[in-house]
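This report covers a single protein chain.

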Amino acid sequence: MSWLVTGTGAAAGVGRDPRELFEALCAGRSAHAELRGFDRSRYNARYAYEIDDRPVPGADVPGRATALLLDAVAQAARDAGLGDDLSGVPVLVGTGLRELRSAELWWRDGLPMDAERLHFGRALRERFGTTSVHTFANACSASLYALAMGTDLLELGEADTVIAAGVDVLTESMYGLVERVHPVPPDQVRPFDRDRTGAVMGDGAAAVVIRRDTGSRTGAVRGRLRSVGLNCDAHHATAPDHRGIAAAIRQAHERAGVKPEDVDLVMLHGTGTLLNDEAEATAVAEAFGAHVGVPLMTAIKSMTGHTSGASGLIGLVTALNALDTGRVPPTPGLSHPVEEAADFRFVTGEAAEAELSVAQINAFGFGGINAVAVVEAVR
């Protein structure tokens, strides 16, 4: 079984809609800049991949995650021809931190905070009339978990149309945590490079509209979702296990009815951390076997930063644009691949051009929460 993607929305530091984001990624532009959202003097790290939407640099405002989510959902709904009335459409949101930044600003600066707005349901109801909202806090694979639940609702006949979304923004607590778990403060994301120093966080949101394929084409179709493979290997609280990742990839291929040699593009998770990149490369090499050199591979966190719960769907929206245009964004900062990825067909330097039909999107989170999606071009 497969499902049609009929609308997309996205925002990250280099673009505020899917097309703008994709063009920036293909041009190799990066949102990498000195931290603007809060006081840099509190940290040894200095950089982030933020969306520059604050009224005053260094003076953060509450509700940014909610605002980005609403914008991404509105883009996707408009693209799908749904308008602003989503009262009959379930909205499934993947996020790592929800509105934690608003809670930080309330606790430290005394900015007003309505506890009910730490969740997204109220804002979605006010903006779109949405009555069915579910939130998934599955770390960095959260938005692909939301997507998987959306396919379940469609397959079971619980809905005809579903919106899956993801969002996360920088918080001081997470920024400090990421800095301190690395041997040296990470400066930028260099996925799969031997000189990488770790993950650097970024703001981001994405949403897709999916519906059952009834055979009738009443509007634009952005692509076909063939499968989402999921597992939780629970190997370690933070350290990844390549065996769990490889199993999720194989499951996604099996559910999609594709073989490794059928995959033209892999959107790697590519966080730039010391353990994750090697584990992901090992898993991809195992799952693809002799065909590991077939698909083009890229890792866009080099330009968006690690957008946490939104990263899976940002990768999926990017993959759909790649399938549509035949262009694949490069991976800036990747000069000397790790040994485990020696046989990968990385796109570096400039965007690549190729005939693309099938793409795979990886997303992996703490605790071994693994998700892999497979999408196909519709022509």
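The sections below go from the whole chain to particular residues.

## Basis of the values

This is a predicted model, in which local features need pLDDT of at least 70 and side-chain atom pairs count only at pLDDT 80 or more, while totals for chains, interfaces and linings use all residues. Residues are numbered from 1 along each chain as its sequence is written, and side-chain values use heavy atoms, with hydrogens and water left out.

## Overall fold

The protein chain has 10 helices and 15 strands; these are DSSP runs numbered from the N terminus, with helices being H or I of at least four residues and strands being E of at least two. Its radius of gyration is 19 Å, close to the 21 Å that the globule rule gives for 379 residues, so the chain is as compact as a globular protein of that length. That radius is taken over C-alpha atoms, and the globule rule is 2.2 Å times the number of residues to the power 0.38. Taken along the principal axes, the C-alpha atoms fill a box of roughly 55 × 50 × 40 Å.

Of the 379 residues, 58% are buried. Buried stands for under 20% relative accessible area, exposed for over 50%, and partly exposed for values in between (1.4 Å probe, protein chains only). Among contacts (heavy atoms within 4.5 Å) between residues at least 6 apart in sequence, 78% join residues at least 24 apart.

## Salt bridges

The model has 31 salt bridges, each defined as a side-chain nitrogen of Lys or Arg within 4 Å of a carboxyl oxygen of Asp or Glu. One of them pairs Asp203 with Arg64, the closest N and O atoms being 2.9 Å apart. Asp203 lies in the loop between α6 (172-180) and β7 (204-212), and Arg64 in helix α2 (residues 64-79), so this pair ties together parts that are 139 residues apart in sequence. Both Asp203 and Arg64 are buried.

Glu172 and Arg101 form another salt bridge, with 3.0 Å between the closest N and O atoms. Since Glu172 lies in helix α6 and Arg101 in helix α3 (residues 100-109), the pair ties together parts that are 71 residues apart in sequence. Glu172 is buried at a relative accessible area of 10%, and Arg101 is buried at 3%. A further salt bridge joins the side chains of Arg125 and Glu116 at 3.9 Å, N to O. Here Arg125 is partly exposed, with a relative accessible area of 45%, and Glu116 is partly exposed at 41%. Salt bridges that share partners also join Glu50, Arg54, Asp60, Arg101, Glu104, Arg108, Asp109 and Glu172 into one network.

## Helix α3

Within α3, Arg101, Ser102, Ala103, Glu104 and Leu105 are buried. The cover over the buried residues of α3 includes α6. Gly110 follows α3 and has a positive phi, near 75 degrees.

## Pockets

Pockets are found on a 1 Å grid over the protein atoms alone: a pocket is an open set of points where a 1.4 Å probe fits, with protein on both sides within 12 Å along at least five of seven lines, and lining residues have an atom within 4 Å of a point. Grid points are joined across faces, edges and corners, and a volume is the space filled by probe spheres set on the points.

The largest pocket holds about 600 Å³ of space. It is lined by 27 residues, of which Val181, Thr238, Thr273, Asn276 and Phe366 are the closest to its centre. The elements giving two or more residues to this lining are α6 and β14 (358-365), and α6 provides the largest share, three residues. By class, the lining has 17 nonpolar, 10 polar and no charged residues; Ala, Val, Leu, Ile, Met, Phe, Trp, Tyr, Cys and Pro count as nonpolar, Asp, Glu, Lys and Arg as charged, and the others, Gly among them, as polar.

The second largest pocket holds about 290 Å³. Of its 16 lining residues, Arg19, Arg222, Leu320, Asn321 and Asp324 are the closest to the centre. Two or more residues come from each of α1 (18-26) and α10 (311-325), with α10 giving the largest share, five residues. This lining has seven nonpolar, three polar and six charged residues.

## Gln360

Gln360 is found in strand β14 and is buried, with a relative accessible area of 0%. Not counting residues up to four places away in sequence, Gln360 touches Ile249, His253, Val263, Leu265, Val266, Met267, Phe288, Val372 and Ala373. Gln360 and Thr171 are 189 residues apart in sequence and 30 Å apart in space, C-alpha to C-alpha.
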